[in-house]
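Work through the exercises below with the sequence and the model in view. Try each task before reading its solution.

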Amino acid sequence: MKNGLFILSSDNVNKSESKTLSFIKEIFSTKFKKIAIFSPLYNEHISSISCFCKDDLQNCFSNQKELRLKTIKKYEEILEKNDFVIIIGDKNKFNTNLAKDINLPILTEYLDDDEAKFDEFKSALDFSYSVADKIYFNKSDKFVSTSILEVKPEIFFDELENAKTNFKTPIKFEYELYKKAKSNLKTVVFPESEDERILKASDILLKKEAVNVILLGKPDEIDKKAKNLKLNLSKATIINPLKSELLDEFVNEFYELRKHKGITLEDAKKIMLDKNYFATMLVLVGKADAMISGAVGTTADTIRPALQLIKTKEGISTVSGAFLICLEDEVLVFGDCAVVPEPTAKELCDIAISLSSTAKSFGIEPKIALLSYSTGESGKGKSVDKVKEALNLAKESLGEDVDGPLQFDAAIDEKVAKKKMPNSKVAGKTNTFVFPDLNSGNITYKAVQRLTGCVAMGPILQGLKKPVNDLSRGASVEDIVNTVLISAIQAGN
């Protein structure tokens, strides 16, 4: 049973609001013992109800993201002490987004009792509308009088249970990232402390106590930069590889691991002075849980030490790159969009298995489509045959959660799926997409990102025994923060 409801009231609130609220409280009291009511923003008509921002509304709206994050946390805190929560807000886009953040059905107050006029609005509704003394339910497309609902409240409960509330907004996803990271505190190492974006991201992460941070570099130079940027890095651990007591240990360890490749002890000393190698060694020996690099160097600079030292997971021979595509109300997983140019059938299988693991790490139950220019048996040729072979291999590990070949429309659109792949458990429900090559994957994720304005988190390197992640050289501070949170969660899993 859903445990909350978001009521959107008219801007010109009158007695009907209190009537609607009283009615909702009355019927829900037949099912729940403890019902809480609160409003994220102060409203003079409901001033007796718990709220955040009573004194300075302008301040609240100046940082809507923070307010939305705060509301999610407040809702969870209230829900812990109550059986059901009713949230009250004015009819506006901000409150509609809040309802999606918290995953609550919306009941919107509509003060005109003209049902014919109401028809033009109902297609956009999430759950229900109150119209005079009736409630309209969008899912079943019917009006029910409040007098009937008072006698048979189970009608309302059933409609509430069937309401669509499986949203995952970018704000909610970020909140979950922080929450997961803080619940299982990990240590991340940055080899590129010379970049001020790294220092700013470290400041944010340390303030929010989301991770422990190791910075590689000269302490006096890092402290000077932090002071100039007005950052507090007092809780960060700063290691200068040139003077570290770990250097000799790491040189010997690297030499033992790579001497079969012809590496000499002298070579090992030179290589271990490379901060990416030193940072990767910190992860290998367990002094750090994850390494983040690439803000200054290349992807190869980041991946090479990881492949040589950390290596791939058992049963996986392919390192690939995933992106979390955070749309307005859902999160999709794309791969490979960063590493393997022309994957073989076995590599596509590895990518699918890694994507499944990545999706689960972030609370997404994977429905995986192996994409192609054709669906099912409609196309022929080497590229289609490769996807079919990959599917047969992947099904051994993933069962019915993977299918293909699928065109993108058949993968994501239920109506198209019913025509093209009616018996598939994945078609029309896909949230995890395996692209047939790097060209299609990279082009698609960037096209979706630019056309929709969505947040694309990644690339997340998959397949390694321990997390090492690569940053774009154009990464923003927010991108770096998200990559660190993702890496910490990978390490926790």
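Two strands pair if DSSP finds at least two bridges between them. Helices (H or I, at least four residues) and strands (E, at least two) are DSSP runs, numbered from the N terminus. This is a predicted model, in which local features need pLDDT of at least 70, side-chain atom pairs count only at pLDDT 80 or more, and totals for chains, interfaces and linings use all residues. Residues are numbered from 1 along each chain as its sequence is written, and side-chain values use heavy atoms, with hydrogens and water left out.

**Exercise 1.** Decide in which sense, parallel or antiparallel, strands S7 and S8 pair.

Solution. Step 1: find S7 at residues 134-137 and S8 at residues 142-145. Step 2: four bridges join S7 and S8, and the sense is antiparallel. Step 3: Ile135 has Val144 of S8 opposite. Step 4: four residues lie between the strands of this hairpin, and Asp141 in the turn has a positive phi of about 55°.

**Exercise 2.** Check the length of helix H8 (residues 170-183).

Solution. Step 1: the expected span is 1.5 Å times one less than the number of residues. Step 2: H8 has 14 residues and should therefore span 20 Å. Step 3: the end C-alpha atoms of H8 are 20 Å apart, in agreement.

**Exercise 3.** Classify the ring pair of Phe28 and Phe156.

Solution. Step 1: rings of Phe, Tyr and Trp (its six-membered ring) pair if their centres lie within 6.5 Å; planes under 30 degrees apart count as stacked, over 60 as edge-to-face and the rest as tilted. Step 2: this rule gives 14 aromatic pairs. Step 3: between Phe28 and Phe156 the centres are 5.4 Å apart and the planes at 80°, an edge-to-face pair. Step 4: Phe28 is in helix H1 (residues 15-28) and Phe156 in helix H7 (residues 154-162), so the pair ties together parts 128 residues apart in sequence. Step 5: Phe28 has 0% relative accessibility and is therefore buried (under 20% relative accessible area; exposed is over 50%, partly exposed in between; 1.4 Å probe, protein chains only).

**Exercise 4.** Which side-chain polar contacts does Asn469 make?

Solution. Step 1: a polar contact is a pair of N or O atoms within 3.5 Å; within protein, one must be able to donate a hydrogen and the other to accept it, and residues adjacent in sequence count only if both atoms are side-chain atoms. Step 2: the Asn469 side chain reaches the backbone nitrogen of Leu461 at 2.6 Å. Step 3: the Asn469 side chain also contacts the side chain of Gln490, at 2.8 Å. Step 4: Asn469 lies in strand S19 (residues 468-470).
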